[in-house]
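Subject: Structure handover

Hello,

Here is the structure I promised to pass on. Please open it first, then read my notes below.

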Amino acid sequence: MDTKISRPRGRPRRFDLEQAVAAAQGLFAAKGYDAVSVSDITQALGINPPSFYAAFGSKGALYDRVLERYSGKDALPLGQFLRPDRPVEESLAATLEAAARFYANTPDAGGCLVVEGTRCTDQEAREAALAYNLASEDVIRKYIAERHPDEADRLTDFVATTMFGLSAKARNGHDLSQLLATARLAAAALRTVF
């Protein structure tokens, strides 16, 4: 009978995984997925590459964790704006204005981490970001479809396209007043539909 207690190989991890994911989120938000190297990540976390690979497996796997964290903690909370107790056009207008404020006030970089991730060159990372993006669009589509099923696809495309534009403009340096002007113009266009 073997009475030895098995221990994991290697040294114990000397960094907090959640803090590491949060730090990586900041890097990806500031630079974009493509511009962040494993070396950038290990330097920011104060770890060596073997520790990085032991903890995360790959840059792509870390990015998946970052997207999950962002979606759960830091993304625009659509449910706060898409409310059943007010007209759809008001809820969509509130969503666009909130997106403008959110994208303008994102620390270290403007825009939305998910939206910006859908434009990266790495196919797996792009597809991961796109999955989160499509899930958000589905929330908007279902909200609209509850009261205006014939308009759900068209209006979802309009709102999503506007949000993409707001994110891109925030990333390119547009300030809050510029983003709000665009969101309010889009809201005025939405009011003509209802």
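Let me start with one residue. Arg119 is partly exposed, with a relative accessible area of 41%. Its side chain meets that of Glu116 in a salt bridge, at 2.6 Å from N to O. Glu116 is buried, because its relative accessible area is 16% and the limit for buried is under 20%. Elsewhere, salt bridges with shared partners link Glu18, Arg69 and Asp74 into one network.

One caution before going on: this is a predicted model.

The overall picture

What is the chain built from? The protein chain has 9 helices and 0 strands. Read along the sequence, its pattern is α-α-α-α-α-α-α-α-α. The C-alpha atoms fill a box of roughly 75 × 45 × 25 Å along the principal axes. The chain has 194 residues, and buried ones make up 40% of them. Consider the contacts with a separation of 6 or more: 68% of these are between residues 24 or more positions apart. The accessible surface comes to about 11100 Å². Carbon and sulfur atoms account for 51% of that surface.

Charges and salt bridges

The chain carries 24 positive and 25 negative side chains. The centres of the two sets lie 8 Å apart. Side chains of opposite charge can pair when their charged atoms come close. How many salt bridges does the structure hold? The number is 11.

Glu97 deserves a look. Its salt bridge with Arg101 has the closest N and O atoms 3.1 Å apart. Both residues sit in helix α5, which covers residues 88–104. They are 4 residues apart, so about one helical turn separates them. Glu97 is partly exposed, at 24% relative accessible area. Arg101 is also partly exposed, at 35%.

Glu97 has a salt bridge with Arg184 as well, and here the closest N and O atoms are 3.1 Å apart. What does this pair tie together? Arg184 lies in helix α9 (residues 176–191) and Glu97 in helix α5, so the bridge ties together parts that are 87 residues apart in sequence. Arg184 counts as partly exposed, with 41% relative accessibility.

A negative patch

Two helices each supply at least two of its residues: α4 (59–74) and α7 (123–145). Take Glu124 from this group. Glu124 lies in helix α7. Is Glu124 buried or exposed? Glu124 is exposed, because its relative accessible area is 67% and exposed means over 50%.

A buried glutamine

Gln25 is placed in helix α1, residues 17–31. With 9% relative accessibility, Gln25 counts as buried. Which residues does Gln25 touch, leaving aside neighbours within four places in sequence? Gln25 is in contact with Val66, Arg69, Tyr70, Asp74 and Leu113. Arg69 and Asp74 also belong to the salt-bridge network with Glu18.

Where to look

Go on to Glu97, which has salt bridges with Arg101 and Arg184. End at Gln25 in helix α1.

Best wishes

Definitions and conventions. Residues numbered from 1 in each chain as written. Predicted model: local features only at pLDDT ≥ 70, side-chain atom pairs only at ≥ 80, totals over all residues. Heavy atoms only, no water. Buried < 20%, exposed > 50% of the residue type's maximum accessible area, 1.4 Å probe, protein only. Contact = heavy atoms within 4.5 Å. Areas by Shrake-Rupley, 256 points an atom, 1.4 Å probe, with all protein chains shown as cover. Lys, Arg positive; Asp, Glu negative; His and termini not counted. Charge placed at Lys NZ, Arg CZ, Asp CG, Glu CD. Salt bridge = Lys/Arg side-chain N within 4 Å of Asp/Glu carboxyl O.
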